[in-house]
Amino acid sequence: MLLFMLTGCTFGNAVNQASTPLNGQLQEEQPLSFTVVYADGDRAHKQGISTVISNFEKSHPNIVVNEINETWAGSYADFLKMKDAVGEFPDLIEMRDTQLFTDAGLLHPMPGDLIGLFEAAPEVNEAVYTLPLEKPAPHGVIYNKKVFAQAGITESPETFDEFLLYCEKIKRLGVQPIVVGGKDIWHMGFWINKFLIDEVYIKNPDWNAQRGEGKVSWTDAGPMSAMQKLKFLWDNGYVASGFTGTADNQTASILLSGQAAMLYSGPWMFNQISSADPTFAFGFFALPDQQGNINVAGAPTTSGWAISAEAAKNPEKLKSIKQFLHYFFDENQYALFLQAVNGIPATRADADYPVIEPMEAVLRMMKDGKTKQSAYLNTFSGKNTAPPQFRDWFYRAIQDVLNDKLGLDEAMREADQEWNAQVKAMQVPTGS
């Protein structure tokens with residue numbers, strides 16, 4: 001017993017000594033960790049972010065980044081609200097509906113050392129809550145050069161009417177002019193916002209605020225003209241049939257197969273197309289309005305990386321998130337992300353990467369002083385912020401119009417009612 005007691009004490013002392021801090025630190029530090037979520041509807045976007053996360057973990061072995069897969073059937077905003085409801089709101093979030101989640105007290109203001117990295121970081125409620133992953137990517141027409149040549153089309157259209165003539169020529173070849181990934185409701189926003197920008201927002205950037213004040217209506221000439229132009233494409237058979245059953249990630253293969261000649265999307269699709277078929281010859285042009293003006297969705301928005309208010313309460317977690325964000329926007333790592341999505345850098349420092357000919361066309365367009373830029377219906381901020389649920393409602397209503405399930409006049413009248421109802425639902429009663 002005496003021997004056992006002596007050896008037991010010796011063992012116990014050894015354990016205590018092993019767990020005693022050396023120079024104020026444990027011999028084996030527990031790794032820090034934080035959760036991150038981003039919209040993964042686009043393959044290139046997901047690849048770009050995952051690549052940087054993987055590189056970060058290799059260079060920071062003491063930090064674990066837990067990626068949360070967004071597998072929600074509804075909108076991305078609904079997915080984030082669901083995560084909050086079950087107590088799993090992520091620590092670092094790619095944020096789209098910044099005003100909504102800021103007003104809910106779920107986001108933490110960005111530290112000044114990170115804000116200083118950017119050319120522009122728009123404010124919400126007089127503070128910066130997001131860091132843009134890139135400048136808003138302009139949408140345009142990605143087209144099959146072979147089909148264009150067969151149709152005798154040699155130049156980009158100078159007006160929207162000329163674009164319609166191109167559609168007619170392609171249709172006569174027996175090829176569907178345009179493929180639309182309408183199964184993903186956010187894809188519908190590409191076309192809807194193209195015409196809203198042309199007919200409404202370029203002419204009146206404060207239209208959303210005036211709609212909230214009851215000074216303008218969805219039944220006014222501008223919004224009606226926008227949706228009539230959109231409907232004209234469907235009514236004349238220029239859009240591939242079955243668009244509501246076509247997912248965004250199927251559109252590239254339909255373009256590659258020659259079933260459709262054009263896809264209205266952004267430069268993030270270029271790598272996906274080139275990877276699927278390196279020999280496929282395609283080009284890009286901005287879609288002009290009736291007068292030949294080029295108006296694109298390129299104005300700074302409040303979308304981007306955001307830090308949760310809960311995560312910011314933990315100093316070590318906040319420190320590790322800041323480390324990641326500095327790493328993400330480092331010139332070398334940021335270039336990897338931009339190359340994956342064919343993005344336009346939002347940081348003050350350049351992040352150059354090799355670009356293909358269609359991307360050169362995008363960059364020329366964005367540098368052209370004649371190109372006008374606007375936000376989307378749902379990406380305005382401040383007084384022009386749209387009700388958070390209105391976007392998806394409106395996209396689905398217009399989709400019903402295009403499927404002849406709802407009349408356009410009726411849909412636009414209902415849009416006013418829906419806007420008003422959502423604004424009223426957000427208002428907090430006095431004294432509550």
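Gly407 is found in the loop between H17 and H18, where helices (H or I, at least four residues) and strands (E, at least two) are DSSP runs numbered from the N terminus. With a relative accessible area of 37%, Gly407 is partly exposed; buried means under 20% relative accessible area, exposed over 50%, and partly exposed in between, with a 1.4 Å probe and protein chains only. The C-alpha atom of Gly407 is separated by 9.6 Å from that of Ala397, and the two residues are ten residues apart along the chain.

This is a predicted model, in which local features need pLDDT of at least 70 and side-chain atom pairs count only at pLDDT 80 or more, while totals for chains, interfaces and linings use all residues. Residues are numbered from 1 along each chain as its sequence is written, and side-chain values use heavy atoms, with hydrogens and water left out.

Asp404 is placed in the loop between helix H17 (390-402) and helix H18 (408-426). Asp404 has a positive phi of about 60° although it is not a glycine, and it counts as exposed because its relative accessibility is 62%. A positive phi is also found at Asn342, near 50°, again in a residue other than glycine. Asn342 lies in the loop between H15 and H16, but it is buried, since its relative accessible area is 3%.

The loop between helix H15 (331-341) and helix H16 (357-367) also holds Asp352, which counts as exposed at 65% relative accessibility. On the surface, Asp352 gathers with Asp330, Glu331 and Asp350 in a patch of negative charge. Such patches are made of residues with over 30% relative accessible area and no salt bridge, like charges being joined within 9 Å and nonpolar side chains (Val, Leu, Ile, Met, Phe, Trp, Tyr) within 5 Å. Accessible areas come from the Shrake-Rupley method with a 1.4 Å probe, and for residues only the protein chains shown count as cover.

Further along, Thr371 lies in the loop between H16 and strand E11 (372-374), and it is buried, with a relative accessible area of 10%. Thr371 and Phe337 are 34 residues apart in sequence and 25 Å apart in space, C-alpha to C-alpha.

Side chains of opposite charge can pair when their charged atoms come close. A search of the whole structure finds 16 salt bridges, a salt bridge being a side-chain nitrogen of Lys or Arg within 4 Å of a carboxyl oxygen of Asp or Glu. The table gives some of these pairs.

| Salt bridge | N to O distance |
|---|---|
| Lys194 and Asp198 | 2.5 Å |
| Lys203 and Glu199 | 3.6 Å |
| Glu213 and Lys215 | 3.2 Å |

Lys194 and Asp198 both lie in helix H8 (residues 185-201), four residues apart, which is about one turn of the helix, and both residues are buried. Lys215, the partner of Glu213, is exposed, with a relative accessible area of 62%.

Another side-chain pairing involves His139, whose place is in the loop between helix H5 (112-115) and strand E5 (140-144). His139 counts as buried at 8% relative accessibility, and a polar contact of 3.3 Å joins its side chain to that of Tyr376. A polar contact is a pair of N or O atoms within 3.5 Å; within protein, one must be able to donate a hydrogen and the other to accept it, and residues adjacent in sequence count only if both atoms are side-chain atoms.

Arg172 is placed in helix H7 (residues 160-172) and counts as exposed at 66% relative accessibility.

For the chain as a whole, the secondary structure comes to 18 helices and eleven strands. The C-alpha trace spans about 100 × 65 × 40 Å along its principal axes, and buried residues make up 50% of the 432 residues in the protein chain.

Terms used
Lys and Arg count as positive and Asp and Glu as negative; His and the chain ends are not counted. The place of a charge is taken as NZ of Lys, CZ of Arg, CG of Asp or CD of Glu.
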